Amino acid sequence: MAPSYNAKEEDGHQPGATGHGGAGTMTNKKPDNTAFKQQRLPAWQPILTAGTVLPAFFVIGLIFIPIGFILIVYGLTLLIDYTGVDMSSPCYNCSQSYSWNNTQSCTCSVHFSLDQPFESNVFMYYGLSNFYQNHRRYVKSRDDSQLNGDKTSLQYHICTLNRCSKECEPYRSSDKPIAPCGAIANSLFNDTLELYYIDPNGSRTAIPLVKKGIAWWTDKHVKFRNPSGNNNLTVVFQGTSKPVNWRKPVFELDPLDSDNNGFINEDFIVWMRTAALPTFRKLYCIIQKKPNNMTPTLPRGEYILEVTYNYPVRSFDGRKRMILSTISWMGGKNPFLGIAYITVGSVCFCLGLVLLSIHYRYGKRNNSAEISS
Amino acid sequence: MWFSTGEYYLFCKGADSSIFPRVISGKVEQVKARVEHNAVEGLRTLCVAYRKLSVAQYEETCHLLNSAKLALQDRDRKLAEAYDLIEKDFILLGATAVEDRLQDKAADTIESLQKAGMKVWVLTGDKMETAAATCYASKLFRRSTQILELTTKRTEEQSLHDVLFDLSKTVLRQHGSMTRDTFSGLSADCVDFGLIIDGATLSAVLKPSQEDSSQGNYKDIFLEICRNCSAVLCCRMAPLQKAQIVKLIKSSPEHPITLAIGDGANDVSMILEAHVGIGIMGKEGRQAARNCDYAIPKFKHLKKMLLVHGHYYYIRISELVQYFFYKNVAFIFPQFLYQFFCGFSQQPLYDTAYLTLYNISFTSLPILLFSLIEQHINMDILKKDPSLYRDIAKNSLLRWPIFIYWTFLGVFDAVIFFFGAYFLFNNSTFTSNGQMFGNWTFGTLVFTVLVFTVTLKLALDTHYWTWINHFVIWGSLLFFVIFSLLWGGIIWPFLNYQRMYYVFIQMLSSGPAWLSIILLIVTSLLPDVVKKVVCRALWPTTTERIQNADKLYNGQLSEFTPLASLHAPTRRRADHQNPIPRRTNWCCLCAYLLSRNTP
């Protein structure tokens, strides 16, 4: 049936009432003439030209370079390696004579001196290297619900019925369930470090080390909780055993301070936060600044570091270190950040100059050519 | 037809070339002259003839036809033979001529397409004279176009071989003597060629070569000639031949992208064969429109479709593809680098929530909206200046050099993120209160820098900032921050690990972390910004010049005429032996330009 001709039909408009069957009900298929559907939304159309980018480059250069200088200059840090690798080092005997079943701990003393006094709070860290706390199997090997105080993870019969986290294997239970389970807890760092200042006249004074405030506040108060039920932690942890490589069970980590015993022991919490890289440092203690701001926290002079050498690292060629550092809002001494800022700042500044020359030579030429056309 | 008087009449209509051989009487010479005259004027001609059949003849005819129709083998051949036997000894009645005016703005469309660098061919079933007249009217052939003919008329005088060689010599001689300017529309003194070929000659050219190799392969010579012609007209084309031509061009050495447009049922095979088939919803029914990739109501709509929408979609999709590879390279490469520092134990750098949501929530919406909305140049300017289309010819934005640039950018960014964070964490205290960060904080730092960098990279690439762009780009970043705060803010009971608890917030409360985030983002974005600015200043493409000019005239550029002066100077190639203008995109059109203005 030949359709009757309608001149408008070719434009795609709605045909008239006549036409092939069904055409009368055909709707107008043209899209609406709105700004969105016709792609005519109002828009800002910036262009990245030399002229627009120049100010940004100069600003970046001028801001970054001073920040870099401040970062480089500020901060003091001191690093002492006490692993005892070669024969001349003080801890050599301790590192050689290590045995797991040693009940008597080995001590060694390392002498060092400070050329510059350390002001304000001084932070003491222990550092390990070649220790892969970021190994996948190691990172998985913990039970966060157990550390949060969940009692079902501690109970013997439930634990053996596979209710404990499977990730803790094989450190989940020896004859009894292990609290805390897992490889991270098992490898807890247990060296003890003490610092003594040697007066010019030869007498030793112990420097007070504060072991509070070294873990994240949220870790200590929210994420890690001792199982509830009894103030006496010995009772609470009954029916569990200590991790294989520990010398003391978890409720004897700090028997004198109940706020630092059990799972909420700050050293333990710091250790449980697995480090990102194989060479890392963890906060050991804080040396508070003196109440009167006149004397520096650590004056210039000779010091002795007394190490109770419990932690074996020679078997995997690791190293142990003690680090003293001052911290500001910009962090500890970080030469890399400072150098990076200076580099990027100066590169930006140079690029700004280059772009300025380009803009003058070519920008004017482009603009004038277009205006004259 | 059976008249009441008992006689049978057979009426037949058709093209003059098929009717005249079968006619035995009638005013043949006069009609022939008239038909020629009509054709030259551009009218479409048909001839009508009749024949009287007696009853016996009629019976015989029916019988012949039936047996042919019912034949089990070679039905087509038997039918053709039967028709041949029946359709003879006609008496000529006369001829008809239909004036088919060109569609609205057809000439303008064709001219724009040629300026855009596309080669336009016309494939039609009409006579040569009619088609040639139409082509002149639609500006396919200009006054300065030198017409080369490869028609039956010429091949009757010379052998096909000789004709082909003659023509190729003509085109190549012209071509070699001057450097070819790709602006075929703008230089008036450059002689361009137009080729006319008809169906019979084409089948001779395409016939596979015989045993004697002296005949050679005509296809290559034919393509060579066509390559140097600005327009080609193929007349007297059977539908199958139209498809054959498209196939021939598709298989030519440069593998161009072909587009076929038609409005009748006889165009369907060509539409299906070409890369892009466009059907015009015409008066002849909807066959073409049903079989095509895109259907448009009129021929003139092709211009906006290709030059505006096609251009936009290409820009958008090339950015989409490149950006997706880039952001995923930048995402996974730090993870790969981390393996060198975690004992190759497959420890993930980022938390699983981040791994899952990166491509779904944090970086998906900005690029999605970019590829729906982006307009690098105003629509009116694109329509006004078709040569802007040449900037994207030959798939220029998805070629290897550009892809390698984007991948290199992704790798560079990843290296900056990871090693930046690595050297900052290594052997230093990264917090403002002396406490230490763990591996999840390290990963979160890298991830934060990553999300901000890739989103800001897209922001720098966006030319057309509507409110939607603002919403999705800043919204995505805000969503990332809010998600991280929520994810780490609560001890989620359904999780059996709590490793992300408070990690993000602790990271943000450390001064060095902020300093390093800012530093790493700036460092990652720096090379791309510098490259963009320097390239725009020193070697601007036509697109960029137009963008600059548009900015200068505050969006009123389309009203100022001389856009041609803004074009980037075509770089003269050092080697003139390469005759193929590499930046043209062949486009084969069957322009059924003619509107059926009469029923």
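Mentor: Helices (H or I, at least four residues) and strands (E, at least two) are DSSP runs, numbered from the N terminus. This is a predicted model, in which local features need pLDDT of at least 70 and side-chain atom pairs count only at pLDDT 80 or more, while totals for chains, interfaces and linings use all residues. Residues are numbered from 1 along each chain as its sequence is written, chains are lettered from A and ligands numbered from 1 in the order in which they are written, and side-chain values use heavy atoms, with hydrogens and water left out.

Trainee: How far apart are the end C-alpha atoms of residues 437-459 of chain B?

Mentor: UniProt, in an unreviewed entry, lists residues 437-459 of chain B among its "transmembrane region" features; its positions are given here in the numbering of this model, feature names are shortened, and annotations may be inferred rather than shown by experiment. In the model this span is 91% helix and 0% strand, and its end C-alpha atoms are apart by 31 Å.

Trainee: Which element of chain B has the highest mean pLDDT?

Mentor: The pLDDT is the predictor's confidence in each residue, from 0 to 100, and its mean over chain B is 83, with 87% of the residues at 70 or more. Among the elements of chain B, strand β12 (residues 585-586) has the lowest mean, 42, whereas the highest, 96, belongs to helix α19 (residues 439-461) of chain B.

Trainee: How many salt bridges are there between chain A and chain B?

Mentor: Putting the chains together buries about 7000 Å², of which carbon and sulfur atoms give 63%, where buried area is the accessible area (1.4 Å probe) that two parts lose on being put together, summed over both. There are 21 residue pairs in polar contact, both at pLDDT 80 or more, meaning a pair of N or O atoms within 3.5 Å where, within protein, one must be able to donate a hydrogen and the other to accept it, and residues adjacent in sequence count only if both atoms are side-chain atoms. For salt bridges, which need a side-chain nitrogen of Lys or Arg within 4 Å of a carboxyl oxygen of Asp or Glu, the count between chain A and chain B is zero.

Trainee: Which element gives the largest share of the side of chain A that touches chain B?

Mentor: Contact means heavy atoms within 4.5 Å, and it takes 75 residues from chain A and 85 residues from chain B. The largest share of chain A's side, 15 residues, comes from α10(A).
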